[in-house]
Amino acid sequence: MPAFTYHSQPGTSPDTGLDWFRGSAGSAVLASEEDALGRVMAMCPALPWLWIGAPAAKAPDTARGVRLYRDGGGFCGDLRCRLPLPFASECFGVIFLQHALDDAHETQALLDECARLLAPGGRLWLATLNPWSPYRLRWTGVGLRATGAGAWQSALGRAGFSSAATRVQWVGPRWRPRIEGSGIGFSDRFRSVLALSAGKQVQGLIPPTAVRQLRWQVARWPHPWPHPAPEGQAGTRPDAHGRG
C-alpha cells in the first residue's frame, strides 16, 4: 500500500478527533476527494472562495481564495480567528467544508456563517463521513461523529439553504484504505464520504397585483335556435326583431 503525503499544518492543535485523517485510512479518504473538489473548483464564479478543512487536508492551490484549517475551537491558516468569521457578508462565491465539522464542533453556527458569507447564487460544498459505510469501523472511538444525509439537509435548511438546491453524492473507499471514486448509485451509498452541495437561493421580489373586482353579468346562453324560414324566404335571427 503506497504511503499518502498528507501532513499536519503548522500551528494546529494535536490529539483531536480530526487527527484521524493523518493516518493511512484518513489519508485515503482525503485523496479520494480531490477529483470531486476539483470539479467544484472548476465551476467557481469570479468571486473569491473560502476553504475550511481538517488539519491534514490539502487546501486548493488556486488563487482568489482563503484557506483555513480547524485548530481546536478556532481556525488557522491564512489568518487565525474564531466564529464569527471576520469577512463581509456575501463576499464568497463558493465555500468548501472538507471534514471541518466531523467532530461536531459548532456545526450549526458554522453553517449559519456560511450562509451569511455566500453571495446570492453561491454554493456550499460539504464533505463529511458517511455513517452507513463499513469504513466507519476505521474511525470508531477516535472522537469523530458521522451524520446521515437527512440530518445534514435539515441543518442546511435551518441555515437558510433550500432543499431543492441540495445535491448529494458519495465519495471514497468502502472498506479498504485506497483511493476510490464517487457516484450516486445504490452501491455508492456505502462509500466512506457523504458530499453535499447546497445552493444559496434568493427569493425574488413579486410586485403586488391589482385586485380584480368581480361583477355579476347576465347570462345570454343558451340562445334559442332560429325557427326554420318558409320556403323561398331567408331566415332571421331571433334577436334581430325591432332593428332598423
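Let me start with where helix 3 and helix 4 touch. On the helix 3 side the residues are T107, Q108, L111, D112 and A115, and they meet W152, A155, L156, R158 and A159 in helix 4. Sorted by class, that contact between helix 3 and helix 4 has six nonpolar, two polar and two charged residues. All of this comes from a predicted model, so please hear every value as computed.

Now the geometry of that pair. Helix 3 covers residues 107-117 and helix 4 covers residues 149-159. Their axes come within 8 Å and cross at roughly 50°. Helix 3 and helix 4 are therefore oblique to each other. As for the hand of the crossing, helix 3 and helix 4 make a right-handed one.

An α-helix has 3.6 residues a turn, so residues three or four places apart point the same way. With that in mind, take the contact residues of helix 3 again: T107, L111 and A115 are among them.

Which residues of helix 3 are buried? They are T107, L110, L111, E113, C114, A115 and L117. A charged residue by class, E113, is thus on the buried list. And what do these buried residues pack against? Helix 4 is one partner, and the others are strands: strand 1 (49-53), strand 3 (74-77), strand 4 (92-98) and strand 5 (118-129).

C114 counts as buried because its relative accessibility is 1%, under the 20% cut-off. C44 also falls under that cut-off, so C44 counts as buried at 15%. How many disulfides does the model have? The count comes to zero.

Stepping back to the whole protein, there are four helices and eight strands. Reading from the N terminus, the order is α-α-β-β-β-β-α-β-α-β-β-β. Of the 244 residues, buried ones make up 41%. If we take contacts with a separation of 6 or more, 68% are between residues 24 or more positions apart.

A127 gives a local example of contacts across the sequence. This residue lies in strand 5. A127 has a relative accessible area of 1% and is therefore buried. Leaving out neighbours within four places in sequence, the contacts of A127 are E33, L97, Q98, H99, D102, V193, L194 and A195. There is also a C-alpha distance to report: A127 and A36 are 91 residues apart along the chain, and their C-alpha atoms are separated by 9.8 Å.

First the background: most residues other than glycine have a negative phi, and most peptide bonds are trans. H99 is not a glycine, yet its phi is positive, about 60°. H99 is found in the loop between strand 4 and helix 3. Is H99 buried or exposed? With a relative accessibility of 0%, H99 counts as buried.

A104 is in the loop between strand 4 and helix 3 as well. A104 also has a positive phi of about 60° without being a glycine. Its accessibility is another matter: at 31% relative accessible area, A104 is partly exposed.

The peptide bond to look at is the one joining L83 and P84. That bond is cis, with omega about 0°. P84 sits in the loop between strand 3 and strand 4.

R80 is placed in the loop between strand 3 and strand 4 too. With a relative accessible area of 58%, R80 is exposed. From R80 to L68 the C-alpha distance is 8.1 Å, and the two are twelve residues apart in sequence.

Where is Q201 placed? It is in the segment after strand 8, which covers 193-199. The relative accessible area of Q201 is 51%, over the 50% cut-off, so Q201 is exposed. Apart from neighbours within four places in sequence, Q201 is in contact with S162 and A165.

Note on methods: Residues are numbered from 1 along each chain as its sequence is written. This is a predicted model: local features need pLDDT of at least 70, side-chain atom pairs count only at pLDDT 80 or more; totals for chains, interfaces and linings use all residues. Side-chain values use heavy atoms; hydrogens and water are left out. A disulfide is a pair of cysteine sulfur atoms within 2.5 Å. Buried means under 20% relative accessible area, exposed over 50%, partly exposed in between (1.4 Å probe, protein chains only). Axes are lines fitted to C-alpha atoms, for helices over the stretch in contact, and angles run from 0 to 180 degrees between N-to-C directions. Helices (H or I, at least four residues) and strands (E, at least two) are DSSP runs, numbered from the N terminus. Angles under 35 degrees count as roughly parallel, over 145 as roughly antiparallel, 65 to 115 as roughly perpendicular and the rest as oblique. A crossing is left-handed if the near helix is turned anticlockwise from the far one by less than a right angle, and right-handed if clockwise. Contact means heavy atoms within 4.5 Å.
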